[in-house]
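Me: Could you take me through the reading of a protein interface, beginning with the salt bridges?
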Amino acid sequence: MRIRVKLFATLSRFSKSEYSGAPFEIEIPEGTTIQDLINLLKIPAEEAKITFVNGITQPPDYLIKPDDEVGIFPPIGGG
Amino acid sequence: MLNPEQKERYSRNIKLHGFGEFGQEKLLASKVLIAGAGGLGSPAIFYLTAVGVGELTIIDPDVVISSNLQRQIIHSTADIQRLKVISAKEKVKALNPDVHVTALAERLDESNIRRLVNTHDFIVDCTDNPATKFLINDVCVEQKKPFSHAGVVSMTGQIMTYIPGHACLRCAFEEPRAGTALTANDIGVLGAVAGTLGSLQAAEAVKYLAGCAELLIDSFLFLDVAHATWKKAKVKRDRYCLACGEKANRIR
């Protein structure tokens, strides 16, 4: 199934989009959780703790549905 | 009691819904610690000074360098090589003589943080590294002190407010391993983004101290200026949180 992914801030380096940080589409198997998606995109676990689906925060074990838009946020430590 | 000059100076604060003269009196009687006089700290210091917080303590060990000036708007070209806290203190005094400033040219660390947190009503975290941000979180949780967290890099930023009993920074994020987080040195930072986040931190401090309006608690606000979007994410308090959980083993 196809879903949309948006990687925020410093996570944009893991983006599949040619425009860093822009949302991109990705094909994933049925039964994929947010944590599986994070692993698939090779994002280190400690960099991806806040995750949204369609604008609402969801836990890592959320089962992704077709056409979901998943947003993943890293901690930002600069000042 | 506000004197006639103060009633005039702060008239636009006083007219705010839920603020009033009582809110202003509370601000003038408050002590705020601002950790960092850089990109976040510059607007936070300016706005907390202008709004009339009675006592500000600014802590930062660094001197101003030329590459600070595209975002650290409290400092000017003539301040290069001067201590940031001295430069900032001068701007505060020029802006508002009601505000008493203490300038500490030292690093906020294990040696001084407990004393400083303990003697202030609200802490504004404008530091530039994850280790100090998590130290501020842990000590504020330990001492039941409210604080504003923010971070900024590139064209993105995040902000949350902690008050005792609510989710803390560690409920949302694990502390990154030293040296793993990308910084402004690596990928730059836009001054206006730091300015936006630092201004919001000042607003959070004012709302808490004056006792008006809603705080950004149990949630994060993420700003992505590169794609012109804001997102607010709810954060639940983590009962196993190492800092604020029921069985928190004191990590410090």
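Reply: A salt bridge here is a side-chain nitrogen of Lys or Arg within 4 Å of a carboxyl oxygen of Asp or Glu, and across the interface of chain A and chain B the rule finds one. It joins Asp224(B) to Lys6(A), whose closest N and O atoms are 3.1 Å apart. This is a predicted model, in which local features need pLDDT of at least 70, side-chain atom pairs count only at pLDDT 80 or more, and totals for chains, interfaces and linings use all residues. Residues are numbered from 1 along each chain as its sequence is written, chains are lettered from A and ligands numbered from 1 in the order in which they are written, and side-chain values use heavy atoms, with hydrogens and water left out.

Me: How many residues does each chain bring to the contact, and how much area do the chains bury?
Reply: With contact meaning heavy atoms within 4.5 Å, chain A contributes 21 residues and chain B 36 residues. Buried area is the accessible area (1.4 Å probe) that two parts lose on being put together, summed over both; for chain A and chain B this is about 2,200 Å², 63% of it on carbon and sulfur atoms. On the side of chain A, Glu46(A), Ile76(A) and Gly79(A) lose the most area to chain B, together 29% of what that side buries.
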